[in-house]
Amino acid sequence: MKNIAIIGAGMTGLSLAYNLQEHNITIFDKSWRPGGRVSTRKHNNYFFDHGAHYLSTNHSVNQLNEVISRYNLGQVIEIDFATDYSKNKKTRKKIIIGQNGMNSIPKSIFDNIKVKSYLNSKIIKISKNSNDLFSLFSEKEEFKNFDYVLICIPYLQSKELSKDLIDFTQIVSEPSYDPIHTVMLSYKNINNINIKAGLNLHKDVSFFMNQNIKFNELSDDCWVLNMSSEYTKNNISIDKYDLEKYAQSIFEKTFGIKKNEISFIKSHRWLFAQTKVSYNSISKKNWINSKDNKLFLSGDWVIGKSLSDAWDAGEKLSHYIKILSV
Ligand SMILES: Cc1cc2nc3c(=O)[nH]c(=O)nc-3n(C[C@H](O)[C@H](O)[C@H](O)COP(=O)(O)OP(=O)(O)OC[C@H]3O[C@@H](n4cnc5c(N)ncnc54)[C@H](O)[C@@H]3O)c2cc1C
């Protein structure tokens, strides 16, 4: 049994923790809750999945489906979905959502695997000691004696954290991310909008999704808009008020909403929202490792841009760690 530190309790870190339970696992996250970009926000009486919106029914990561059904974490719903709203193209689409918002998926996995964890613990330094074991440092504490460290956070952040331990000159091409501004908005009365989610609402809004189809208890009409990555890049530091007003005006104009009082609006900037170029597509490799094979970097960015890719990346690395640690 090895002492393994996992940094990041998003879907990649949870996949590793799930697959390596025979070891002594400690998982760290800077946030107060697990899930990372699978994020459900509660504001007063409103709920918004403002990170990952749904899990596709046709992804090919069998183990994730097994975990979801084993712990009863998901429900399949069928909705009217605009494959391209601007061209009036729509279809009926089956999607998987969490039983209680998308974050209930990683949260329940985290609760079920019962590994040692430190939330609210941002790891700011990793060092290797003379006894060949790692120490991790948060702002307040040192955590000692790890045989392996698995960093499961966005690529640029993991590079910064491991730059003294991994030779990054070996990485010829680097993976990259697109940023996304998301806007959460709700109206006092239910709007008469038949289409519940879709792509290309407007040149600056790449995705929209109704939240009432996910949360039965909502009295107001709640929506999440993803601004396009192009718009987000060009307006990365935009004032939140200006962004929210702009998104609201697009939404109301597009759906012809004239007299309905807005009851809530808020936005969030995801700097590392979705993988643009995956590491595997440029290197054919499934992780980045230190020379001694003790420190590894993983994340959705290895394989692709979805939460099933994140699970897949963690699962692939776990097989290798199992071989190394016998
Ligand atoms: C707006 C948006 C919409 C999306 N929509 C979808 C969708 O509909 N369907 C889909 O499949 N995917 C979607 N995705 C992508 C999906 O959310 C991600 O691919 C997946 O959640 C990534 O998981 P991860 O574990 O690799 O990374 P993350 O979720 O980013 O997890 C990394 C974790 O590490 C923690 N962390 C970071 N630095 C440190 C540190 N120094 N110390 C300790 N902890 C640290 C973070 O708090 C976080 O919990 C969307 C993403 C965004 C942002």
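Predicted model: local features only at pLDDT ≥ 70, side-chain atom pairs only at ≥ 80, totals over all residues.
1. Strands β6 and β7 form it, with 4 residues between them. N88 sits in the turn and has a positive phi of about 60 degrees. Strand β6 covers residues 74-84, and strand β7 covers residues 89-98. The two pair in the antiparallel sense over 10 bridges.

2. Now look at what else β6 pairs with. It is joined by 2 bridges to strand β14, residues 197-202, and these two strands run parallel. Here A82 stands opposite G198 in β14. Strand β14 in turn is joined by 4 bridges to strand β15, residues 205-210, and that pair runs antiparallel. A197 stands opposite M209 in β15.

3. These strands belong to an open sheet of 8 strands. Its order is β5-β7-β6-β14-β15-β16-β13-β17, and the pairing is mixed. Which strands are at the edges? They are β5 (55-56) and β17, each of which pairs on one side only.

4. There is also an open sheet of 6 strands. Its order is β8-β2-β1-β12-β19-β18, again with mixed pairing. At its edges stand β8 (116-118) and β18 (288-289). Each has a single partner strand, so one side of each is left without a neighbour in the sheet. The partner of β18 can be checked directly: 2 bridges join β18 to strand β19, residues 295-297, and the two run antiparallel. I288 stands opposite L297 in β19.

5. Turn to helix α3, residues 104-113. Its buried residues are I105, P106, K107, S108, I109 and F110. Note that K107, a lysine, is on that list. What do these buried residues pack against? They pack against α1, α2 (62-70), β6 and β7. That brings in both strands of the hairpin from point 1. After α3 comes K114, whose phi is positive, near 50 degrees.

6. As background, an α-helix has 3.6 residues a turn, so residues three or four places apart point the same way.

7. Next, the ligand. The shell around it holds 39 residues, and G8, G10, G36, R37 and S306 come nearest. Several elements supply at least two shell residues each: α1 (11-19), α4 (155-162), β13 (176-187), β17 (262-277) and α9 (307-324). So which classes of residue make up the shell? There are 18 nonpolar, 15 polar and 6 charged residues.

8. The largest nonpolar core has 85 residues. Those touching the most other members are A5, I6, I7, V149, L150, I151 and L225. Helix α9 gives the most to this core, with 6 residues. Take I7 as a worked case. Leaving out residues up to four places away in sequence, I7 touches F28, I123, V149, I151, C152 and I153. Of these, V149 and I151 are also named among the core members with the most contacts.

9. For contrast, find K140. This residue lies in the loop between β10 (134-137) and β11 (142-146). Is K140 buried or exposed? It is exposed, with 8 other C-beta atoms within 10 Å. The cut-off for exposed is 12 or fewer. The C-alpha atoms of K140 and F47 are separated by 33 Å, and the two residues are 93 apart along the chain.

10. Finally, step back to the protein chain. It has 9 helices and 19 strands. Its radius of gyration is 21 Å, close to the 20 Å that the globule rule gives for 326 residues, so the chain is as compact as a globular protein of that length. The C-alpha trace spans about 70 × 40 × 40 Å along its principal axes. Buried residues make up 42% of the 326 residues. Take contacts between residues at least 6 apart in sequence: 68% of them join residues at least 24 apart.

Conventions: Residues numbered from 1 in each chain as written. Near = placed C-beta within 6 Å. Nonpolar A, V, L, I, M, F, W, Y, C, P; charged D, E, K, R; others polar. Buried ≥ 20, exposed ≤ 12 C-beta atoms within 10 Å, placed from the backbone. Pairing = 2+ DSSP bridges. Core = buried A, V, L, I, M, F, W, Y, C linked by C-beta atoms within 7 Å. Contact = placed C-beta atoms within 7 Å. Rg over C-alpha atoms; globule rule 2.2 N^0.38 Å.
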